[in-house]
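Please look over the sequence and the 3D structure before reading on.

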Amino acid sequence: MEHATQVALTRRVLDFVDRNTTELADAVYFNPVSTYTSLEQGERERELLFKRHPLFFGLSCELPKSGDYRADDLSGVPVLVVRAGDGKLRAFLNVCRHRGAKVAAGSGSGKRIFVCPYHAFTYDLDGRLIRLSAEGFPGLACEDLSLVPIPVAERHGLIWVQSIPGGDIDVDGLLGGLAPEIASYKLDSYSHYKTATLAKDMNWKLVIDTFLETWHVATLHRETVGPIFQPNVNVFDAFGSNGRLVIPRRSMLQLKEEPENAWDFLKHSAIVYTLFPNALLVWQGDHFETWRSFPVGNDTAKCIAEAALFTPTPPDSDKERRHWERNFDLLMRTVDAEDFPVCLDIQRGFGAGAQPHITFGRNEPALGHYHGSLRKTLGLTPSSG
Ligand code: FES
Ligand SMILES: [Fe+2]
């Protein structure tokens, strides 16, 4: 992040603390409960977000070498992402052209070919079918039976995939002006530490919502991360449909005593970037975490959330590994053990019919921006706010 931006953000934080306030939206935002319960909205989301919109897939370091691959069905469409022989990523529908079995599962490395487990149709890293029995399939040609390519893009150490064929992914357009800032983190040199996959009985958007304000930190997380962060101070900026939510550590107040040109804003912050529509890139002071969230089938009250931790360099001592393990453990204790149980209650509460909408206060601007962006992308009428 440019130092001028770091200074500007630090000043905003210090000003909010001085005035005992935080970033405020123009108005209260009323979010319809149907956002989380409507089958019709769920169907639109699966079509317009999880099929047609490019989705953040992961970091480049998860597939560093030619022959590395990851198969993933989380969007509802089976996809296979591979680093091909030329070092570039390819993505395909993970659907064998014979009778449709998945040609790869999970993730791994060192592949030179993918052999379908059903009848051994064999594809190269570019998705080309290698051979076809002339006796069994007269008149058919390998060239016509390649795996179906889907758009993939890799920029600034991040990967995006679109689950249906056609078109290109415009990363700059997707990032809405965040590209230079994301590039400055040099994520292409990071290392993957660990991923956890969590199945929850709640709408997929509650996973994102829980990160989009930190007003609740002083209460819900008082035993975990409460002591670390300045209570109820956020700085928020929108970048197209994405957002940047700054969560200052209490230690940021020390910067008042230091000259501006020495301010290290990043050391004293967590930063939640929303990667619209279903992912987060989270700076945690000395490393990054990512979250992705997906609906499960057509059930609006089931989701799969995936959390991953990435380190600036590969851990090369037990001390470092313990440090990252403690970080991952704190993440799970905070989000899985404290946030998600409340989200499950919220989802059950939606069914109680207590109210037609939930309310995002002016001090929760990132939530209104996120849900406003979702409604726009889904072609739904804006919520009154
Ligand atoms: S379905 Fe793949 S080889 Fe038959
Ligand atoms: Fe939380």
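Two strands count as paired if DSSP finds at least two bridges between them. By that rule, strand β4 (residues 79-83) pairs with β5 in the antiparallel sense, over five bridges. The model is predicted.

**Iron site**

- The iron ion (ligand 2) is coordinated by His-216 (NE2), His-221 (NE2) and two OD atoms of Asp-339, at 2.0 to 2.5 Å.
- The arrangement of the four donor atoms is irregular because the angles they subtend around the iron ion (ligand 2) run from 55 to 150°; a tetrahedral site would need all angles to lie between 85 and 135 degrees.
- Along the sequence, the spacing of the donor residues of the iron ion (ligand 2) is H-x4-H-x117-D.
- Distant parts of the chain are linked by the pair His-216 and Asp-339, which are 123 residues apart. His-216 lies in the loop between α6 (204-209) and α7 (217-220), and Asp-339 lies in helix α8 (residues 318-350).
- His-216 has a relative accessible area of 15% and Asp-339 has 5% relative accessibility. Both residues count as buried because the cut-off is under 20%.

**Open sheet of four strands**

- The strand order in this open sheet is β5-β4-β3-β6, and the pairing is antiparallel.
- The edges are taken by β5 (89-93) and β6 (107-108). Each has a single partner strand, so one side of each is left without a neighbour in the sheet.
- Within the pairing of β4 and β5, Arg-83 stands opposite Leu-89 in β5.

**Strand β16 and its partners**

- Strand β16 (residues 288-296) has eight of its nine residues buried, so the rest of the structure largely encloses it.
- Strand β15 (residues 279-283) runs antiparallel to β16 and is joined to it by five bridges. Here Trp-283 stands opposite Phe-288 in β16.
- The hairpin of β15 and β16 has four residues between the strands, and Gly-285 takes a positive phi near 90°.
- Strand β17 (residues 299-311) also pairs with β16 in the antiparallel sense, over nine bridges. In this pairing Val-296 stands opposite Asp-299 in β17.
- Two residues separate β16 and β17 in their hairpin, and Gly-297 in the turn has a positive phi of about 55°.

Note on methods:
Residues numbered from 1 in each chain as written. Chains lettered and ligands numbered in written order. Predicted model: local features only at pLDDT ≥ 70, side-chain atom pairs only at ≥ 80, totals over all residues. Heavy atoms only, no water. Donors = N, O, S within 2.8 Å, 3.2 Å for Na, K, Ca; no water. Tetrahedral: all angles 85-135°; square planar, octahedral: opposite > 155°, others 65-115°. Buried < 20%, exposed > 50% of the residue type's maximum accessible area, 1.4 Å probe, protein only.
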